[in-house]
Amino acid sequence: MAELDTSQSGGKHKGKGKKRAKKASTRVDLTPMVDLGFLLVTFFMLTTTFSKPQTMEINMPVKDKSAPTEQQGQDIKESKAFTLILAGDNKVYYYSGMVQHADPKKCDYSPEGLRKALLIKSHDVPDVFVSIKATNDANYRNVIDALDEMLITNISHYALVDITPEDIALIKKL
Amino acid sequence: MPKVKIPRKSTTVDMTAMCDVAFLLLTFFMLTTQFKSDDPVVVDLPKSIAVIKLPDTDIMTVTMTKEGRVLYGIDGKFNRERLIQKISEKYNIQFTEEEVRNFSLTSSFGVPISQLKNFLSLNPADRQAEVNNPGIPIDSANNELGVWVMQGRLSNPKFRIAIRGDGKVPYPVVKKVINTLQDKNVNKFNLITNLEAKPIETVVQKKQ
């Protein structure tokens with residue numbers, strides 16, 4: 001019964017002794033069609049599920065064009081400030097507090113490096129504010145990795161900030 | 001002893017119902033699938049644990065390639081038509097109907113506006129070629145990406161902006177793109193990433 005029965009049997013043309021051509025069976029085997037159907041279903045199912053891209057939402061601080069740049073972002077308490085400097089060659093430097101009396105340390109993007117530092121810091125200071133400053137040698141992956149670490153370590157206050165000459169001077173010394 | 005004969009039943013099953021189901025599902029998936037847009041560039045997205053899904057519609061994409069070229073794309077045929085009309089008014093370039101249609105079929109492009117007319121007269125395969133997509137100027141003197149973003153938002157204010165960048169894009173390019181967006185008062189945007197498993201370690205630490 002794996003067939004579609006379309007033959008017209010029955011007593012429609014009963015009675016008269018007309019000669020009828022022998023009817024070939026019109027049953028079609030539907031198995032290959034079902035196979036094909038499911039093959040395509042599988043294909044479409046897989047393509048739909050995997051093609052939706054994931055995104056990371058980012059809110060940049062609103063640029064106040066009237067205020068001079070030096071005065072922006074300066075209203076964070078020194079005790080809460082934590083700065084990441086993304087340098088080239090997948091290196092990260094971090095320090096707490098202000099740049100003037102900073103003691104920068106070097107690490108990388110591995111779980112043992114940056115994540116550990118962030119976890120320790122956020123444990124000590126729960127409402128830490130992380131400024132992410134990328135140098136010109138850094139690449140997009142570094143930025144995403146740094147932002148990703150914020151998600152992983154559940155730090156909710158962070159911003160992408162332009163790097164200052166002081167910061168550049170600081171990491172040059174190392 | 002007489003053998004007990006078990007009557008044999010036919011093992012063939014009626015496939016009609018199954019066939020119906022298969023094709024019903026097939027139709028459903030065919031109608032709901034959105035194929036990956038054929039972008040003229042290959043972008044190796046960085047990984048992140050972010051799980052927010054990108055909305056399907058009303059999206060403007062800024063693509064950055066690893067050489068630092070910037071491409072712009074807008075979603076929807078009608079939006080593209082409206083956008084090119086705006087650009088044509090702003091720059092006083094007359095586009096033929098053919099060029100408007102070609103533009104409405106281009107998912108993403110990277111040409112300066114001065115070369116746009118030329119670009120649209122190419123055939124679809126050539127429009128995908130790298131040579132023909134030198135990138136949209138993002139210098140402060142001639143920031144055409146800003147113009148595109150601005151006009152795109154004017155043609156449909158609901159638009160969200162997504163940045164799709166290769167992991168190797170140098171940071172100055174990223175900074176220029178972000179600054180451009182901020183200049184146009186776009187302070188909220190999405191960065192498209194690939195999914196990566198969330199490390200278990202932090203979950204453990206949270207519990208302690």
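**Grounds for the terms**

Author: The buried residues of H6(B) are Glu144(B), Leu145(B), Gly146(B), Val147(B), Trp148(B), Val149(B), Gln151(B), Gly152(B) and Ser155(B). This is a predicted model.

Reader: What makes H6(B) mostly covered?

Author: Buried means under 20% relative accessible area, and nine of the twelve residues of H6(B) are buried.

Reader: How do you know that the span of helix H6 (residues 144-155) of chain B agrees with its number of residues?

Author: The expected span is 1.5 Å times one less than the number of residues. For the twelve residues of H6(B) this should give 16 Å, and the end C-alpha atoms are 16 Å apart, so the two agree.

Reader: Why is Asn143(B) said to cap the N-terminal end of H6(B)?

Author: A polar contact is a pair of N or O atoms within 3.5 Å. A side-chain oxygen of Asn143(B) lies 3.3 Å from the backbone nitrogen of Leu145(B).

Reader: In chain A, what makes strand S4 (residues 81-86) mostly covered?

Author: Six of the six residues of S4(A) are buried. Ala81(A), Thr83(A) and Ile85(A) point one way, Phe82(A), Leu84(A) and Leu86(A) the other way, and all are buried.

Reader: How do you know that S4(A) pairs with strand S7 (residues 129-134) of chain A?

Author: Two strands pair if DSSP finds at least two bridges between them. Six bridges join S4(A) to S7(A), and the strands run parallel. Leu86(A) stands opposite Ala134(A) of S7(A).

Reader: In which sense does S4(A) pair with strand S5 (residues 92-96) of chain A, parallel or antiparallel?

Author: The pairing is antiparallel, over five bridges. The bridge partner of Leu86(A) in S5(A) is Val92(A). The hairpin of these strands has five residues between them, and there Asp89(A) takes a positive phi near 55°.

Reader: Why is the pairing in the sheet S6-S5-S4-S7-S8 (chain A) called mixed?

Author: Strands of a sheet pair either parallel or antiparallel. This open sheet of five strands has mixed pairing: S4(A) and S7(A) run parallel, whereas S4(A) and S5(A) are antiparallel.

Reader: What makes strand S6 (105-107) and strand S8 (158-161) of chain A edge strands?

Author: Each pairs on one side only. Neighbouring strands of this sheet are turned by 25° against each other on average, direction ignored. For S8(A), four bridges join this strand to S7(A), in parallel, and Tyr158(A) is the bridge partner of Val130(A).

Reader: Which strands does helix H4 (residues 165-173) of chain A touch as it packs on the sheet?

Author: H4(A) touches S4, S5 and S7 of chain A, and its direction makes about 115° with that of S5(A).

Note on methods: Residues are numbered from 1 along each chain as its sequence is written. Chains are lettered from A and ligands numbered from 1 in the order in which they are written. This is a predicted model: local features need pLDDT of at least 70, side-chain atom pairs count only at pLDDT 80 or more; totals for chains, interfaces and linings use all residues. Side-chain values use heavy atoms; hydrogens and water are left out. Helices (H or I, at least four residues) and strands (E, at least two) are DSSP runs, numbered from the N terminus. Buried means under 20% relative accessible area, exposed over 50%, partly exposed in between (1.4 Å probe, protein chains only). A polar contact is a pair of N or O atoms within 3.5 Å; within protein, one must be able to donate a hydrogen and the other to accept it, and residues adjacent in sequence count only if both atoms are side-chain atoms. Axes are lines fitted to C-alpha atoms, for helices over the stretch in contact, and angles run from 0 to 180 degrees between N-to-C directions. Contact means heavy atoms within 4.5 Å.
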